[in-house]
Amino acid sequence: MKYNKLVRDKIPEIIKSKGGVAITHIANDAEYWQKLKEKLQEEVGEFIEAENIEEMADILEVIDAIFNYKKFDEQELKRVKEKKVNERGGFDDKIILEES
């Protein structure tokens, strides 16, 4: 079966341990960035379908990988998030905008 998708680091070992053959390559930076974005979309879709904590954990794992790849600063991220909440609010009040 062909996949051409980013997988977790231990997946090739798991496939081999079950008697399979994993044909892989190491992505260059451009391919890795594209595959991270694809993986995020994949995991979000799976969460929307399943709505469970396992899929949320997968989303967070991809977000962590993106965070590291983009070399974002954790404190800066927190500041930006807090600024947005202070200026525009969060999503706690369940407000649905019908018209504007």
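This tour goes through a predicted model, one selection at a time.

**Stop 1: helix α2**

Select residues 29-50, which make up helix α2. The helix has 22 residues, and its first and last C-alpha atoms are 31 Å apart, close to the 32 Å expected at 1.5 Å a residue.

**Stop 2**

Colour Lys-35, Leu-36, Lys-39 and Glu-43, which are buried residues of α2. Now turn the view to look down the axis of α2: the buried residues fall within an arc of 110 degrees, so they line one face of the helix. The face turned away from that buried side carries Ala-30, Gln-41, Ile-48 and Glu-49, which are exposed. What covers the buried residues of α2? Part of the cover is α3 (53-69).

**Stop 3**

Go to Asn-4, in the segment before α1 (11-17). Is Asn-4 buried or exposed? Its relative accessibility is 55%, so Asn-4 counts as exposed, the cut-off being over 50%. Leaving aside neighbours within four places in sequence, Asn-4 is in contact with Glu-31 and Lys-35. From C-alpha to C-alpha, Asn-4 and Lys-35 are 9.0 Å apart in space, although 31 residues separate them in sequence.

**Stop 4: helix α3**

Select α3 next. The end C-alpha atoms of its 17 residues are 24 Å apart, which agrees with the 24 Å they should span at 1.5 Å a residue. The N-terminal end of α3 is capped by Asn-52, with a side-chain oxygen 3.2 Å from the backbone nitrogen of Glu-54. Just after α3 comes Lys-71, whose phi is positive, about 55 degrees.

Colour the buried residues of α3: Glu-55, Asp-58, Ile-59, Val-62, Ile-66 and Phe-67. Their cover includes α2 and α4 (74-88).

**Stop 5: Asp-58**

Stay in helix α3 and pick out Asp-58. Why does Asp-58 count as buried? Its relative accessible area is 19%, and buried means under 20%. Which residues does Asp-58 touch, not counting those up to four places away in sequence? They are Arg-8 and Glu-43. Glu-43 was among the buried residues of α2 coloured at the second stop.

**Stop 6: the aromatic rings**

Show the side chains of Tyr-32, Trp-33 and Tyr-69, which ring pairs link into a cluster. The model has 3 aromatic pairs. One of them, Trp-33 with Tyr-69, is stacked, at 5.5 Å centre to centre and with 10 degrees between the planes. This pair links distant parts of the chain: Trp-33 belongs to helix α2 and Tyr-69 to helix α3, 36 residues apart.

Key: Residues are numbered from 1 along each chain as its sequence is written. This is a predicted model: local features need pLDDT of at least 70, side-chain atom pairs count only at pLDDT 80 or more; totals for chains, interfaces and linings use all residues. Side-chain values use heavy atoms; hydrogens and water are left out. Helices (H or I, at least four residues) and strands (E, at least two) are DSSP runs, numbered from the N terminus. The expected span of a helix is 1.5 Å times one less than its number of residues. Buried means under 20% relative accessible area, exposed over 50%, partly exposed in between (1.4 Å probe, protein chains only). The arc is that of the directions from the helix axis to the C-beta atoms. Contact means heavy atoms within 4.5 Å. Rings of Phe, Tyr and Trp (its six-membered ring) pair if their centres lie within 6.5 Å; planes under 30 degrees apart count as stacked, over 60 as edge-to-face and the rest as tilted. A polar contact is a pair of N or O atoms within 3.5 Å; within protein, one must be able to donate a hydrogen and the other to accept it, and residues adjacent in sequence count only if both atoms are side-chain atoms.
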